[in-house]
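Open the model in your viewer and keep the selection tool ready. The tour goes stop by stop.

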Amino acid sequence: MKVLFIGNSATYVHEIPKTLERLALAAGEVLEVEQITAGGLELSQHADPQSVHGKKVIEALDRCFDYVFLQEHGNCIISDEKRMACANACRRLIQKVRASGATPGFYVRPPYGKDNGGYNPLAQCERLDALFGELSRENGGILCVHANRLFERAIRETSIPMWGEDNGHTSLQGAYLIVCGFFIALFHRSATCLEANGLDESDAKTLQHLADRVHAELLAR
C-alpha cells in the first residue's frame, strides 16, 4: 500500500507518516509513505497549481498512490472565510486525487492544547468534526481519520499528555495515538498489535485500546 500525506506540522512533527510505516511493517503490513508538508501551510496552498507545494502535489500524484490524506491548518474553524477556503481547497484536491486513481482521505487534525480563535481544545474537536463531516458527505463519503475525536477521548478519559511544551504540536504520546488511528483505518486491525514505539507500555496499551474503541464507535454510527 502506498500513502501520500499532504499537510503541515500536524503531520510531520514526530514523523507521523514514517512512524506509521515503520510500526505497520513491524506488524506485518506492507506500507510505503510519502509526504508533502511545510510548517503553517493551508490546503489552499497545496491546491494552488502555481505554488511550490501545489506543483509538488501534481507531480506526486503521478506516482500511483492508493490513498492520499489531506490535513488542514487549525485556523480552518475560526471564521466563515477560513472554512470556505478550506472547503474549496478540499474540493480541488479531491478532484485531482480521484483523477490520479487514488482514494482521498481526510486526516482530521487534533486540536491545539490551548485556545484557538476563542475555542478551547474540546470545542475545537467539535468544530473540526462538523466541518470535515460535512465535507466528507459533500464529496461522496471521504474516509476520515479523526485525530480530533481520538484527542477528545484522551482528554476526557486519561491523564496522558497529548501535546508538547508549546501546547500546539502533539507530544510523542499524541502522535502515537494518531498513528494507531491510521493503522486501524487502513488495515482494519486492532492497534494492540503495534509496538509501543518507546512509550511506557501502560500508556501505549491505553492509547491502543482507546483508538480501537473510537474506531468501533465511528463504524457503529
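## Stop one: a charged network

Select Glu 157 and Arg 213: they form a salt bridge, with the closest N and O atoms 2.6 Å apart. A salt bridge here is a side-chain nitrogen of Lys or Arg within 4 Å of a carboxyl oxygen of Asp or Glu. Glu 157 sits in helix α7 and Arg 213 in helix α9, so the pair ties together parts 56 residues apart in sequence. Salt bridges that share partners join Arg 153, Glu 157, Arg 213 and Glu 217 into one network.

Before moving on, note the ground rules. This is a predicted model, where local features need pLDDT of at least 70 and side-chain atom pairs count only at pLDDT 80 or more, while totals for chains, interfaces and linings use all residues. Residues are numbered from 1 along each chain as its sequence is written, and side-chain values use heavy atoms, with hydrogens and water left out.

Helices (H or I, at least four residues) and strands (E, at least two) are DSSP runs, numbered from the N terminus.

Now colour by accessibility. Buried means under 20% relative accessible area, exposed over 50%, and partly exposed in between (1.4 Å probe, protein chains only). Arg 153 is buried at 19%. Glu 157 is partly exposed at 46%. Arg 213 is partly exposed too, at 36%.

Select Arg 189 and Glu 29. They form a salt bridge, the closest N and O atoms being 2.9 Å apart. Arg 189 is in the loop between α8 and α9, Glu 29 in the loop between α2 (16-26) and β2 (32-37), and the two are 160 residues apart. Arg 189 is partly exposed, with a relative accessible area of 28%. By the salt-bridge rule the count comes to 11.

Stay in the loop between α8 (172-187) and α9 (201-220), and pick Leu 194. At 7% relative accessibility, Leu 194 is buried. Leaving aside neighbours within four places in sequence, Leu 194 is in contact (heavy atoms within 4.5 Å) with Leu 23, Ala 27, Tyr 176, Cys 180, Phe 183 and Gln 208.

Jump to Arg 109, in the loop between β4 (103-108) and α6 (121-138). The side chain of Arg 109 does reach the backbone oxygen of Glu 72 at 3.3 Å. Beyond four places in sequence, Arg 109 touches residues including Asn 8, His 73, Leu 128 and Asn 148.

## Last stop: zoom out

Show the cartoon. The protein has 9 helices and 5 strands. Along the sequence the pattern is β-α-α-β-α-α-β-α-β-α-β-α-α-α. The C-alpha atoms fill a box of roughly 45 × 40 × 35 Å, taken along the principal axes. Buried residues make up 54% of the 221 residues.

Key:
Polar contact = N/O pair within 3.5 Å; in protein donor to acceptor, adjacent residues only side chain to side chain.
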